[in-house]
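Colleague: Could you walk me through how to read this one? I'd like the general idea of each feature, then the case at hand.

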Amino acid sequence: MAELHVELVAADRQVWSGEASLVVARTSSGDIGVMPGHQPLLGVLQSGPVTIRTTGESGDGTVVAAVHGGFISFADNKLSLLAEIAELSDEIDVQRAERALERAKSDADAAAERRADVRLRAVTGVH
Amino acid sequence: MGATLRVYKRRIRSVTATKKITKAMEMIAASRVVKAQRQVAASTPYASELTRAVTAVATGSNTQHPLTTEAERPTRAALLLITSDRGLAGGYSSNVIKAAELLTERLRAEGKEVDAYIVGRKGVSYYAFRERAVQESWTGFTDSPTYADAKAIAAPLIAAVQKDTAEGGVDELHIVFTEFVSMMTQTALDDRLLPLSLGTAAGEQDEPAKGGEILPLFEFEPSAEDVLDALLPRYVESRIYNALLQAAASKHAATRRAMKSATDNAEELIKSLSRLANAARQAEITQEISEIVGGASALADATAGSD
């Protein structure tokens, strides 16, 4: 099966890289799914979960990451996800995210609330 | 113990104490250089992917954007100078300040006003001492900058570029920082960030091996303008972040070198002071012997006279 190479990079580190068969990300005009052989694409990401269905050497499975702002670019079967902040779902501290959500709700800080919400949804898998 | 010998001994003790301190600072700086270099390497994938994306949009669409178009008659330029918070780094800060002065002169000669934005206490105090206007300054993080710091610096700069020149905005954005070439070499460098010159942004594409490659036609989501709008501020932030990290690595390397030569000097000083102290001790002994011999012979003469 055809596969595409994915690089998920945050501003200060490389978060994940490997082969995948499908990547679903949220752009400002809605969710977009990229499969191998997609037309070259450059889009603006909204903060939201990114789902990577892995194949090949990475093994069959699903990697979910919380991505806060950034870009998706695809060309030559190579997909880059650039984000200022990106966390894999298994790196996220659920309790801390829940606390952050509570705090953001009480402070009425919409941006922080959204960030915490995205984190939690990346962990629980409810999109 | 004689007075001169005591003075020498005291100076040796104090130089030894200084040597211990400089040696410790050298070791700390050496370990920090490695850490800073690792940070530079970790930020590289993001920066290179971003550069690729910017190149793709800029060449793949005819979009005009205030951040990429050159003003016909640029009248004001912003200069971001990155220095360090602390000294003890040899000529590190003065070199980069000198480079900024040269650039300022060049821009003035081209008829542009220069707005200064400064990072690091050394640069701030240089400008404050000369009573020059500083638009904005940041201190306190030059040793280990984070991406949030780069964002904080980029925000007012981008706002200034987007504003009309008549209302106090700027047409160009220059950055002066110290490039980390190697452990031994760091060079002060000036670079124009905006307007984007496609020559530098497309530099990676112009490599001979890829010379004939045609960039694919991108589909933009939601539109080329929106992508560029979102992309360019990130590009500026990432360039500033990279400059901050390189400056931090350079600062630590410069500190290491300065402290190494301070330690070497202290060793030299201790060596020559011990020689002087030895000579003083010998002179003291010789004098004591001659006093004893002199005293004894005087005594012998006296007893011989009374017999």
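Modeller: Start with domains: their bounds come from an automatic or database domain assignment. Here chain A is divided into domain 1 (4-88) and domain 2 (93-124). This is a predicted model, where local features need pLDDT of at least 70, side-chain atom pairs count only at pLDDT 80 or more, and totals for chains, interfaces and linings use all residues. Residues are numbered from 1 along each chain as its sequence is written, with chains lettered from A and ligands numbered from 1 in the order in which they are written.

Colleague: How many residues does each domain of chain A put into the contact?

Modeller: Two residues are in contact if their C-beta atoms, placed from the backbone, lie within 7 Å. Domain 1 of chain A gives 8 residues and domain 2 of chain A gives 6 residues.

Colleague: Which strand gives the most to the domain 1 side?

Modeller: Strands (E, at least two residues) and helices (H or I, at least four) are DSSP runs, numbered from the N terminus. S6(A) gives the most to the side of domain 1 of chain A that touches domain 2 of chain A, with 4 residues.

Colleague: And which residues of helix H3 (residues 121-129) of chain B are buried?

Modeller: Buried means that 20 or more other C-beta atoms lie within 10 Å of the residue's own, with C-beta atoms placed from the backbone. In H3(B), those are B:Arg121, B:Lys122, B:Gly123 and B:Tyr126. They pack against strand S1 (76-82), helix H2 (92-109) and strand S2 (113-119) of chain B. Just after H3(B), B:Glu131 takes a positive phi of about 55°.

Note on methods
A residue is buried if 20 or more other C-beta atoms lie within 10 Å of its own, exposed if 12 or fewer, and partly exposed in between; C-beta atoms are placed from the backbone.
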